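Visitor: I have a structure open beside its sequence, and I would like to learn how to read it feature by feature. Could you walk me through it?

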Amino acid sequence: MTKVIIAGYNGKMGQKAVKMVQQHDGFELVAVYGLEEKTAIELDTTTKIFKSLDEIDIDADVWVDFTVPSAVYENAKFAINHGYSPVIGTTGLTDEQISELKQLAAEKKLGGLIAPNFGISAVLLMQFAQQAAKYMPDVEIIEMHHDQKVDAPSGTALSTAKLISKVRPSHEQGNPNEKETLAHVRGGDFDGIRIHAVRLPGLVAHEQVMFGSLGEGLTIRQDTFDRESFMSGVAIAIEKITDYHELLVGLENVL
Ligand SMILES: NC(=O)C1=CN([C@@H]2O[C@H](COP(=O)(O)OP(=O)(O)OC[C@H]3O[C@@H](n4cnc5c(N)ncnc54)[C@H](OP(=O)(O)O)[C@@H]3O)[C@@H](O)[C@H]2O)C=CC1
Ligand SMILES: O=C(O)C1=N[C@H](C(=O)O)C[C@H](O)C1
């Protein structure tokens with residue numbers, strides 16, 4: 001039985017993760033962590049509720065994190081230092097923070113996973129986009145999310161841009177003399193790749209990667225219609241992560 005702690009259990013993803021862990025025969029939800037006492041979800045009497053990191057001292061194997069970008073680094077460090085394998089869905093970790101966490105996990109010989117996206121459609125989109133960029137290096141990314149999202153660009157869009165940037169031949173894209181007559185209208189710039197973030201009620205999580213070439217175009221798109229779709233990826237990560245002894249980045253590493 002894998003003993004699981006869920007951080008951010010009251011949130012949109014946290015609530016889904018609680019349900020999934022409760023229903024999974026191989027998992028036991030030993031504790032949840034969140035800032036608010038009140039909860040919309042039903043917890044077993046055996047599940048402990050923690051409201052601050054300092055209180056947490058419980059035997060567990062895996063720490064699942066769906067909190068906020070401002071909390072995730074401290075949470076992940078706490079988890080590794082306490083021997084809980086982190087399975088991190090929360091966005092916002094910087095490259096430096098990820099390097100530090102990798103080093104810490106390696107010192108402790110602890111498995112862990114940071115997954116910008118637990119949905120298979122997004123994992124495939126990132127792989128397909130990376131492949132396409134080798135042949136069609138002119139590319140822009142449009143990510144579209146619900147209007148309660150606190151970070152922009154999305155972790156998935158940033159990961160997509162990083163993957164593309166690793167393989168595409170270095171070149172100038174667009175008109176070097178371009179001038180924005182409305183500030184930021186061309187979106188954010190990651191290594192020459194423009195990222196546009198749309199926030200609207202009714203959306204869940206969606207990404208479109210557009211490639212353009214002489215006389216032709218290619219659009220790769222994924223749509224998350226329901227957060228339930230992330231849960232099979234989270235379950236696989238919890239099942240497998242304790243077999244590893246390093247911190248991995250990307251769900252594809254455990255599929
Ligand atoms: N990797 C993936 O596949 C996915 C990743 N995400 C990411 O997961 C994160 C959470 O998303 P979502 O569930 O939509 O967000 P929500 O805002 O719905 O939930 C965030 C939760 O984090 C809790 N929280 C806030 N601050 C802290 C803190 N300091 N310590 C512990 N808990 C805290 C909040 O608790 P309280 O209610 O008590 O205030 C809230 O319940 C985001 O970064 C999002 O981008 C989202 C979907 C998929
Ligand atoms: O906040 C969200 O909702 C999501 N966050 C992740 C991200 O920033 O990429 C994953 C997915 O896009 C949903």
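Visitor: Let me begin with one side chain: is Lys38 buried or exposed?

Guide: Happy to start there, and please keep in mind that this is a predicted model. Lys38 is exposed, because it has 6 other C-beta atoms within 10 Å. Lys38 sits in the loop between β2 (27-33) and β3 (48-50). The unreviewed UniProt entry lists Lys38 under "binding site".

Visitor: Which other residues does the "binding site" annotation cover?

Guide: The unreviewed UniProt entry also gives that annotation to His146, Gly155 and Thr156. Take two of them in turn. His146 is in the loop between β7 and α5, and with 15 other C-beta atoms within 10 Å it is partly exposed. Setting aside neighbours within four places in sequence, His146 is in contact with Pro201, Leu203 and Val204. Gly155 belongs to helix α5 and counts as buried, because it has 20 C-beta neighbours inside 10 Å.

Visitor: Which residues are around ligand 2?

Guide: Here you read a list of neighbours as a shell. Around ligand 2 it consists of Thr91, Pro116, Asn117, His145, Lys149, Ser154, Gly155, Thr156 and Ala205. Gly155 and Thr156 in that list also carry the "binding site" annotation from UniProt. By class, the shell around ligand 2 has 2 nonpolar, 6 polar and 1 charged residues.

Visitor: And ligand 1: which residues come nearest to it?

Guide: Gly8, Gly11, Met13, Ala71 and Gly89 come nearest, out of 25 residues around ligand 1. At least two residues each come from α1 (12-23) and α2 (69-81), and α1 gives the most, with 3 residues. The classes in this shell are 12 nonpolar, 11 polar and 2 charged.

Visitor: Let me step back to the whole chain. Which domains does the assignment give?

Guide: When you read domain bounds, check whether each domain is one stretch of sequence. Domain 1 takes in 2-114 + 228-254, while domain 2 covers 120-224. Their C-alpha centres lie 28 Å apart. Where they meet, 8 residues of domain 1 are in contact with 7 residues of domain 2. The domain 1 side of that contact has 3 nonpolar, 4 polar and 1 charged residues. For comparison with a record, the unreviewed UniProt entry places "domain: Dihydrodipicolinate reductase C-terminal" at residues 122-255. That span is 26% helix and 28% strand, and its end C-alpha atoms lie 14 Å apart.

Visitor: How many residues are in the largest nonpolar core?

Guide: The general idea first: in soluble globular proteins, nonpolar side chains tend to be buried together. In this model the largest nonpolar core has 61 residues, and Val4, Ile5, Ile6, Val64, Val87 and Val234 have the most contacts inside it. Each of domain 1 and domain 2 contributes at least three residues to this core. To see one of its residues at work on your screen, select Ile6: beyond four places in sequence, Ile6 touches Gly14, Ala17, Val18, Val21, Leu29, Val32 and Val64.

Key:
Residues numbered from 1 in each chain as written. Chains lettered and ligands numbered in written order. Predicted model: local features only at pLDDT ≥ 70, side-chain atom pairs only at ≥ 80, totals over all residues. Domains from an automatic or database assignment. Contact = placed C-beta atoms within 7 Å. Nonpolar A, V, L, I, M, F, W, Y, C, P; charged D, E, K, R; others polar. Near = placed C-beta within 6 Å. Helix = DSSP H or I, 4+ residues; strand = E, 2+ residues; numbered from the N terminus. Core = buried A, V, L, I, M, F, W, Y, C linked by C-beta atoms within 7 Å. Buried ≥ 20, exposed ≤ 12 C-beta atoms within 10 Å, placed from the backbone. UniProt positions renumbered as here; feature names shortened; annotations may be inferred.
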